[in-house]
Each structure stands twice: as structure tokens, then as C-alpha cells.
Amino acid sequence: MGALALTEPDAGSDALGSMRTTARRDGDDYVLNGRKMFISNGPVADVILVYAKTDPALGAKGISAFIVEKGFPGFSVAQKLVKMGWRGAPTGELVFDECRVPARNLIGGENRGVAVVMSGLDIERAFLALPCIGSAQRCLDLSLEYASTRQQFGKPIGSFQMVQAMLADMYVELEAARALAYRALMACNDLERGGGGRGDLHKLCAASILRVGEMLLSVTDKAVQIHGGSGFIWETEVNRHYRNAKLATIGGGTSEVRRMIIAEELLRAAR
Ligand SMILES: Cc1cc2nc3c(=O)[nH]c(=O)nc-3n(C[C@H](O)[C@H](O)[C@H](O)COP(=O)(O)OP(=O)(O)OC[C@H]3O[C@@H](n4cnc5c(N)ncnc54)[C@H](O)[C@@H]3O)c2cc1C
């Protein structure tokens, strides 16, 4: 089981600039000190890709990437967090207290951490669209089934035009987002190892996950609306999709960060 630890209690959207976790060389080891926050699978991971500053004076250019293995002295899980959704994968806060990591576990070279982050970020964003599209498709399928079978005023609720409008909008929002997501995934197919992190692909992957995340919020909201009171009940499947959906506009960079990336790339190209 793997995890990726970039975010810290005081370093989220500005994960690189505000990073406080440090790694100092000591003989054949690096010694890590700091905390990482909101780490998916952190509480159960066997290996964790951890980012730390090897040269804090260089700011974001002084970051390195390390593989920390479960059981390394000085590594511990501070807490497992209780979440509104995505409850199948535990998320936690990790602590590195004089944690000794063998120098051979350094990835990509000293002070080359930003390149490691960037090499995977666009693919991660493009890939993140897929569970969102699956969740939205499932919500549409469940809503169609419910609208066809749930009767009110002596008729299936799917015969009412306002319910039909929600179903039609769900379909259009989903298919438009799917088309953009597939375009981003196709572009990633041609990505060289270590490529990405700026330019058209960077903009396209941010656009894909921005659109898909906001689509999922809208589609899951409509699915709960169509299910009425039962959609508000914790155990129903649409309720689970609704609670899970919010992470799609936060994880892997928020909607605001995605808009910043898109605007920066548009403006850079226009100069
Ligand atoms: C369930 C879950 C799983 C996660 N898994 C991982 C993981 O595995 N590994 C990992 O490293 N991280 C993980 N994260 C962390 C996630 O990437 C961060 O939560 C996210 O990047 C936002 O950081 P933050 O929470 O510190 O919010 P902040 O950065 O504090 O942002 C708070 C608000 O301010 C806005 N904001 C911030 N800066 C700007 C700006 N310049 N302009 C406009 N608006 C701005 C944000 O968009 C947001 O709305 C996970 C988070 C969650 C909730």
C-alpha cells in the first residue's frame, strides 16, 4: 500500500512554498522532521513518498523526495481523520520526528523534488476524473431507475417535466465533462516520462478536473433531489456519492488552484 505525503498543516494550496518539513543529511541517512496532513492511505501505508526541504534557503527549489517505509524509526501516525466521504480509504496526519531514511531512498536527486511532484501531477489530475465520471454515471443510472419506478400523484415522477429537466441536465453535464476528460487522458498518453507540469497539457489537465469536479457536485445534488427524502438518508447509495463528491473540488489542488493554473497558462501563451 502506497501513499503520497505533500500537504502539511500549514502548507496546502501553497504546498511547495510553505513546506516546513526538513531533511538533513547525516552520514548514509537523511533525518526528516515535520508533519504531513490529510494523507490518503497514510495510516495504513507500507511505503510513503514524502517531500521535505533539503535546502530551506532555496525555498521550493530546495525540496527533495524520499521513500519512507513503515517501521522506520521516528515515523508515526498522529491521527486517523473522520471524513464526510471517501471513507473506504483512511486519511491521516503523519509525524516525522528525527526519522532516519537511508540516502538510497532519495528519489530523483537532492533538491529535485519539484520535478518529481510535477512529473506525476498532470497524469494524477487527468486520472482523477475517472472515478468522478463513474460516480456521476451511477447517479444518473440510479436516478433514471428511481424516476421510472417512484410514483407520486398516481404517476412515475419521471413523467413530470421538472424531474425530466434534471435528468436531461445531468446527462449533458456528464457527457460534456467526459469529453474533456477523455481529451486530457489522450494527451497524457503522449507525455514523455518526467514531462508535463506546464504548457498546454498542464492547462488541459487542470481544466479537465475542474470541469469534472464541478460537474460531479451538480450531478450528485440533482440525484439526491430526485430521490427526495430517501436521498438524504445516510445508507442510500446516492447519499454516499453526494458526500464523496465534495472531495473532487478539493483534492489534488482545489478548484481555485485549477483556475489559477489555467489562467496563468493562458496569459503566458498570450504574452
Ligand atoms: C480526503 C483528502 C485526501 C487528501 N489526500 C492527500 C494526499 O494523499 N496527499 C497529500 O499530499 N494531500 C492530500 N490532501 C490534501 C489536499 O491536496 C489539500 O487539502 C488541498 O490541496 C487544499 O489544501 P488545504 O486543505 O490546506 O486548503 P488551503 O490551501 O488552506 O485553502 C483553503 C481555501 O483557500 C483557497 N485558496 C488558497 N490559496 C488561494 C489562492 N491563491 N487564490 C484563491 N484561493 C485560494 C483554496 O482554494 C480553498 O478554497 C487530501 C485532502 C483531503 C480532504
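Residues are called buried under 20% relative accessible area, exposed over 50%, and partly exposed in between (1.4 Å probe, protein chains only). The model is predicted: local features need pLDDT of at least 70, side-chain atom pairs count only at pLDDT 80 or more, and totals for chains, interfaces and linings use all residues. Residues are numbered from 1 along each chain as its sequence is written, and side-chain values use heavy atoms, with hydrogens and water left out.

**Salt bridges**

A salt bridge is counted when a side-chain nitrogen of Lys or Arg lies within 4 Å of a carboxyl oxygen of Asp or Glu. The whole structure contains 14 salt bridges by this search.

| Pair | N to O |
|---|---|
| Asp10 and Arg20 | 3.4 Å |
| Lys70 and Asp46 | 3.1 Å |
| Arg178 and Glu175 | 3.0 Å |

The salt bridge of Asp10 with Arg20 has its closest N and O atoms 3.4 Å apart. Both residues lie in the loop between β1 (2–5) and β2, so the pair ties together parts that are 10 residues apart in sequence. Asp10 and Arg20 are both exposed.

Lys70 and Asp46 also meet through their side chains in a salt bridge. Lys70 is in the loop between β5 (63–69) and β6 (75–80), while Asp46 is in the loop between β3 and β4 (47–53), so this pair ties together parts that are 24 residues apart in sequence. Lys70 counts as exposed because its relative accessibility is 53%, and Asp46 counts as partly exposed at 35%.

The side chains of Arg178 and Glu175 form a salt bridge. These two residues are three apart in helix α2 (residues 161–189), so about one helical turn separates Arg178 from Glu175. Arg178 has 16% relative accessibility and therefore counts as buried, whereas Glu175 is partly exposed at 27%.

Asp26, Asp29 and Arg100 are linked in a network of salt bridges.

Strands (E, at least two residues) and helices (H or I, at least four) are DSSP runs numbered from the N terminus, and two strands pair if DSSP finds at least two bridges between them. Strand β2 (residues 22–26) and strand β3 (residues 29–40) run antiparallel and are joined by five bridges. Thr22 stands opposite Asn33 in β3. Two residues lie between the strands of this hairpin, and Gly27 in the turn has a positive phi of about 65°.

**Helix packing around α3**

Axes are lines fitted to C-alpha atoms, for helices over the stretch in contact, and angles run from 0 to 180 degrees between N-to-C directions. The axes of helix α3 (residues 200–231) and helix α4 (residues 237–245) come within 9 Å and cross at roughly 145°. In the contact (heavy atoms within 4.5 Å), residues of α3 including Leu216, Leu217 and Val224 meet residues of α4, among them Val238 and Tyr242. Nonpolar means Ala, Val, Leu, Ile, Met, Phe, Trp, Tyr, Cys and Pro, charged means Asp, Glu, Lys and Arg, and polar means the others, Gly among them. The contact of α3 with α4 has seven nonpolar, five polar and one charged residue.

Helix α5 (residues 255–270) packs on α3 at an angle of about 145°, with the axes 9 Å apart. Residues of α3 including Lys203, Ile209 and Glu214 meet residues of α5, among them Arg258, Arg259 and Ile262. The contact of α3 with α5 divides into seven nonpolar, two polar and five charged residues.
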